[in-house]
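Look at the model below and turn it slowly. Keep the chains in view as you read.

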Amino acid sequence: MNLFLNVKEAMVSLSANKMRSLLTILGIVIGVASVIALLSIGESAGASITGEIENIGTNVIYILRGNNDEDVSNPKDLTLRDAQALASSTRATEIAYVAPVFTGSTEITRADRSVSTAILGITPDYQFVMNLAMAEGAFISAAQVEGRSAVVVLGPARAQQLLGRSSGVVGSTVRIGGYPYRVVGVVEPKGGSAFNNPDNNVYVPISTAQARLPRSGAPDRVQYILASMVDLDNADLAIRQIRQVLRRTHRIPPRNPDDFTLLNQQDFLAVANTITNVLTIFLGGIGAISLLVGGIGIMNIMLVSVTERTREIGLRKALGARKADILIQFLIESVLLSLFGGIFGIALGWGISTVVSQIATRSGTPLDIVVTLNSVLLATLFSAAVGVFFGYYPANRASNLAPVEALRYE
Amino acid sequence: MFEKENVIQIENLTKVYQMGEIQVHALRGVSFTVKPGEVLAIMGPSGSGKSTLMNMIGCLDNPTDGNYYLDGELVSTLVDDELAEVRNRKIGFVFQQFNLLPRATALTNVELPLRYAGVNGSRKDLALKALEAVGLGDRVDHQPNELSGGQQQRVAIARALVNNPAIILADEPTGNLDTTSGDEIMKLLLTLNKTEGTTLLIVTHDPEVAAIAERVLHLRDGVIEKEELMQ
């Protein structure tokens, strides 16, 4: 029995019941399409989150209040004093720049345009920690922090949004929380996606932010502190030095746990990867369930087909077909059904991904959805495997029919 | 015990079916032999064990006890796939219902046993030759629904012949045909028996069909009631 003849014969018997075959294929089409679409959406969402985290910069350490790993009651707030201690400590040799950040959310307006967004109160060193280049004007200066000046530096996308252009805007005035601020600089575009795009940032002097944005806790409290490392290879040493300094300023007795947390890009990436993996598995799982339902459809139809063709099976056995011949004949039919479903499903899944990608882009969340070769191969193999798995039981049933009874079947 | 000149040698064949609690003795010790080239008819009323015997001769089922030698080979103890091979090489079936694949041409139908035999290169030629032998050389591309009953049965006979079997086993070959077509089919089977020397076993309840045989076995209640020699 050669394969080509088997396939040809299977095509003939599948086309004898066109509507039935098409509906069975449809089940697999939907299953494969959802696997393809959901996997690629999950993957691209993950890629976009990871991409943003990579924007943070590899040599930046985030210092946050509290400690999730240990039981710390009443952790101290991080303060400007902590940041100063880190910056001025002679022992913290691996720390290049330290940037405390005080942030709050408020309304920022210009003429009839208004947007509610996070305002970052920062010090001049923030520019060096985050490696920001200026497109025009200058970054927040020490004098402006000292003088609590009403000045603002805008990300290019935010400038575009508020002022209708991202260049030649130095000297314009915007209102933040009702107060007028003079634009003193625009940052070079950095890129990133919607969740946390640095191009959308609004920077004001930290002293101004502390005075005008709502706040709680210690008077010089900051939400977090950023520190950049001198040498990425000495990250462990840098982290040790930060801990030493902060434990002293927070007066933590030896053996007591830290009341702050240090995170670097690797830690964020690890967390994000965990989240996106769960997301992808979850989405893929939903797709897999519909593929499973499609597979049960194949099994159902093949069982009907075996029953309908009992006499044919009996005849073939009488003419010398062995069990394996019958098994292969029916398996090929179910694999063909699922493979056709797989091919159309890949096309449909690709279409859905493209549409979702377009919708996401139009609604301001650019998601670059790519249907990878891997997911296409996976879907093809998976759908063929579904055909074999769900086709095996009916095919095996056919191959085990006793020829005498099969021939007598009406 | 086995005699070489017999194409079929059946010794004390029994078949017992278990129907729930009850044991049904379909065959209670049947023995006979068939010589190559012979035309043998098996007759009997329904319930006589005629169909069971045909299934045994056709290697479609194993007997409960007894020996069956077909073309020199003990086949009564073979397992499923071995029986399939014996059916493929040694037995040509002609059924009352023709049993052709409905969506396949006459040629494809006749090629089917060759495919299961693993014949590849000469398959089409052999099938065409068989179709010509039954007088259907001009109908090879027709599907069963484009052929008359008699023509369909001819395709079935070509399919039975194509593997050059030791015996042709015909089960009521004229049962679904009108008298004229039936006579033609019987004539064709006899002609093939004369020209090709194929052993022919006909299972029937029709005395007119049985009349063409050289020998008739009458079966009743699972045993051979009498053996009748025709001239």
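The paragraphs below go from domains to chain contact, then to strands and helices.

This is a predicted model: local features need pLDDT of at least 70, side-chain atom pairs count only at pLDDT 80 or more, and totals for chains, interfaces and linings use all residues. Residues are numbered from 1 along each chain as its sequence is written, while chains are lettered from A and ligands numbered from 1 in the order in which they are written.

Start with chain A. Its domain assignment gives domain 1 (3-53 + 276-408) and domain 2 (77-249). Such bounds come from an automatic or database domain assignment. The centres of the two domains of chain A, taken over C-alpha atoms, are 54 Å apart.

Now find where chain A touches chain B. The contact uses 18 residues of chain A and 19 residues of chain B. Two residues are in contact if their C-beta atoms, placed from the backbone, lie within 7 Å. On the chain A side, helix 1 (3-15), helix 10 (310-318), helix 11 (323-362) and helix 13 (403-408) each give two or more residues. Helices (H or I, at least four residues) and strands (E, at least two) are DSSP runs, numbered from the N terminus. Helix 10 of chain A gives the largest share of that side, 5 residues. By class, the side has 10 nonpolar, 2 polar and 6 charged residues. Here Ala, Val, Leu, Ile, Met, Phe, Trp, Tyr, Cys and Pro count as nonpolar, Asp, Glu, Lys and Arg as charged, and the others, Gly among them, as polar.

Move to the strands of chain B. Strand 1 (residues 8-19) and strand 4 (residues 65-70) of chain B pair in the antiparallel sense over 5 bridges. Two strands pair if DSSP finds at least two bridges between them. B:Ile8 has B:Leu70 in strand 4 as its bridge partner. Strand 4 of chain B also pairs with strand 5 (residues 73-74) of chain B, antiparallel, over 2 bridges. There, B:Tyr69 stands opposite B:Leu74. These two strands form a hairpin with 2 residues between them, and B:Asp71 in the turn has a positive phi of about 55°.

Finish with two helices of chain B. Helix 5 (residues 149-161) and helix 6 (residues 179-196) of chain B pack at about 20°, with axes 9 Å apart. Axes are lines fitted to C-alpha atoms, for helices over the stretch in contact, and angles run from 0 to 180 degrees between N-to-C directions. Helix 5 of chain B is therefore roughly parallel to helix 6 of chain B (angles under 35 degrees count as roughly parallel).

Definitions and conventions. Parallel < 35°, antiparallel > 145°, perpendicular 65-115°, else oblique.
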